[in-house]
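Please view the sequence and the model together while reading.

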Amino acid sequence: MLRIWQVHQDGFAGDPQVDLAAGPDRLLVRRRGWEVVIERVPAGAFAWLAALAAGADLSAALDAALAAEPAFDFGAALAARVADGTVCGVA
(Lines give C-alpha, C1' and ligand atoms only; values in the text may rest on other atoms or scores of the structure.)
Protein backbone atom coordinates (compact mmCIF):
# COMPACT_ATOMS: atom_id res chain seq x y z
CA MET A 1 0.00 0.00 0.00
CA LEU A 2 1.17 3.46 -0.82
CA ARG A 3 0.30 4.70 2.67
CA ILE A 4 2.74 2.25 4.32
CA TRP A 5 5.56 3.56 2.13
CA GLN A 6 4.60 7.19 2.77
CA VAL A 7 4.63 6.97 6.57
CA HIS A 8 8.11 5.40 6.50
CA GLN A 9 9.74 8.16 4.49
CA ASP A 10 12.24 10.55 6.05
CA GLY A 11 10.56 13.76 7.07
CA PHE A 12 7.06 12.27 7.26
CA ALA A 13 4.88 14.34 9.55
CA GLY A 14 1.34 13.52 10.50
CA ASP A 15 -0.75 10.59 11.54
CA PRO A 16 1.16 7.31 10.95
CA GLN A 17 -2.01 5.19 11.01
CA VAL A 18 -2.49 2.80 8.09
CA ASP A 19 -5.91 1.37 7.29
CA LEU A 20 -5.20 -2.19 6.21
CA ALA A 21 -8.87 -2.70 5.38
CA ALA A 22 -8.66 -0.04 2.66
CA GLY A 23 -7.77 -2.69 0.09
CA PRO A 24 -4.93 -2.91 -2.42
CA ASP A 25 -3.47 -0.03 -4.37
CA ARG A 26 -2.47 -0.13 -8.02
CA LEU A 27 0.90 1.58 -7.98
CA LEU A 28 3.34 2.85 -10.56
CA VAL A 29 6.91 2.95 -9.25
CA ARG A 30 9.42 4.93 -11.27
CA ARG A 31 12.43 7.18 -10.89
CA ARG A 32 12.75 10.88 -11.48
CA GLY A 33 16.50 11.36 -11.42
CA TRP A 34 17.58 9.89 -8.08
CA GLU A 35 14.12 10.22 -6.53
CA VAL A 36 11.71 7.30 -6.29
CA VAL A 37 8.19 8.30 -7.33
CA ILE A 38 5.26 6.11 -6.36
CA GLU A 39 1.77 7.01 -7.47
CA ARG A 40 -1.64 5.41 -7.56
CA VAL A 41 -2.97 4.68 -11.01
CA PRO A 42 -6.50 3.74 -12.06
CA ALA A 43 -7.35 0.13 -12.92
CA GLY A 44 -7.25 0.73 -16.68
CA ALA A 45 -3.85 2.40 -16.67
CA PHE A 46 -2.46 -0.32 -14.41
CA ALA A 47 -3.75 -3.08 -16.70
CA TRP A 48 -2.42 -1.27 -19.78
CA LEU A 49 1.05 -0.79 -18.31
CA ALA A 50 1.17 -4.33 -16.90
CA ALA A 51 0.26 -5.76 -20.30
CA LEU A 52 2.93 -3.68 -22.04
CA ALA A 53 5.50 -4.72 -19.42
CA ALA A 54 4.58 -8.36 -20.05
CA GLY A 55 5.30 -7.93 -23.76
CA ALA A 56 1.79 -7.42 -25.12
CA ASP A 57 1.39 -5.35 -28.24
CA LEU A 58 -0.44 -2.04 -28.02
CA SER A 59 -3.76 -3.46 -29.18
CA ALA A 60 -3.74 -6.27 -26.59
CA ALA A 61 -2.66 -3.84 -23.87
CA LEU A 62 -5.51 -1.50 -24.78
CA ASP A 63 -7.95 -4.44 -24.64
CA ALA A 64 -6.68 -5.27 -21.15
CA ALA A 65 -7.11 -1.66 -20.05
CA LEU A 66 -10.66 -1.46 -21.36
CA ALA A 67 -11.55 -4.78 -19.72
CA ALA A 68 -10.33 -3.44 -16.38
CA GLU A 69 -11.87 0.02 -16.83
CA PRO A 70 -14.35 0.56 -19.67
CA ALA A 71 -13.94 4.35 -19.45
CA PHE A 72 -10.13 4.12 -19.82
CA ASP A 73 -8.84 7.24 -21.61
CA PHE A 74 -5.97 5.98 -23.73
CA GLY A 75 -4.95 9.44 -24.94
CA ALA A 76 -4.67 10.86 -21.43
CA ALA A 77 -2.85 7.79 -20.14
CA LEU A 78 -0.38 7.80 -23.03
CA ALA A 79 0.30 11.53 -22.68
CA ALA A 80 0.87 11.23 -18.92
CA ARG A 81 3.21 8.25 -19.23
CA VAL A 82 5.22 9.78 -22.08
CA ALA A 83 5.51 13.05 -20.14
CA ASP A 84 6.86 11.31 -17.02
CA GLY A 85 9.15 8.96 -18.97
CA THR A 86 7.38 5.72 -18.09
CA VAL A 87 6.73 5.09 -21.80
CA CYS A 88 9.81 6.17 -23.66
CA GLY A 89 9.98 4.17 -26.84
CA VAL A 90 8.02 2.27 -29.40
CA ALA A 91 9.37 -0.82 -31.07
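## Basis of the report

The model is predicted: local features need pLDDT of at least 70, side-chain atom pairs count only at pLDDT 80 or more, and totals for chains, interfaces and linings use all residues. Residues are numbered from 1 along each chain as its sequence is written, and side-chain values use heavy atoms, with hydrogens and water left out.

## The hairpin

Strands S1 (residues 27–32) and S2 (residues 35–40) run antiparallel and are joined by 6 bridges. Helices (H or I, at least four residues) and strands (E, at least two) are DSSP runs, numbered from the N terminus; two strands pair if DSSP finds at least two bridges between them. The two strands form a hairpin with 2 residues between them, and Gly-33 in the turn has a positive phi of about 65 degrees. Across the pairing, Arg-30 stands opposite Val-37 in S2.

## Helix H2 and its cover

Several residues of H2 are buried, among them Ala-43, Trp-48 and Leu-49. Here buried means under 20% relative accessible area, exposed over 50%, and partly exposed in between (1.4 Å probe, protein chains only). The cover over the buried residues of H2 includes S1, helix H3 (58–68) and H4.

Arg-81 is found in helix H4. Arg-81 counts as buried because its relative accessibility is 10%. The side chains of Arg-81 and Glu-39 are joined by a polar contact of 3.3 Å; such a contact is a pair of N or O atoms within 3.5 Å, where, within protein, one must be able to donate a hydrogen and the other to accept it, and residues adjacent in sequence count only if both atoms are side-chain atoms. Beyond its neighbours within four places in sequence, Arg-81 is in contact (heavy atoms within 4.5 Å) with residues including Leu-28, Val-41, Trp-48 and Val-87.

Asp-10 lies in the loop between helix H1 (2–7) and S1. With a relative accessible area of 80%, Asp-10 is exposed. Asp-10 and Asp-84 are 74 residues apart along the chain, and their C-alpha atoms are separated by 24 Å.
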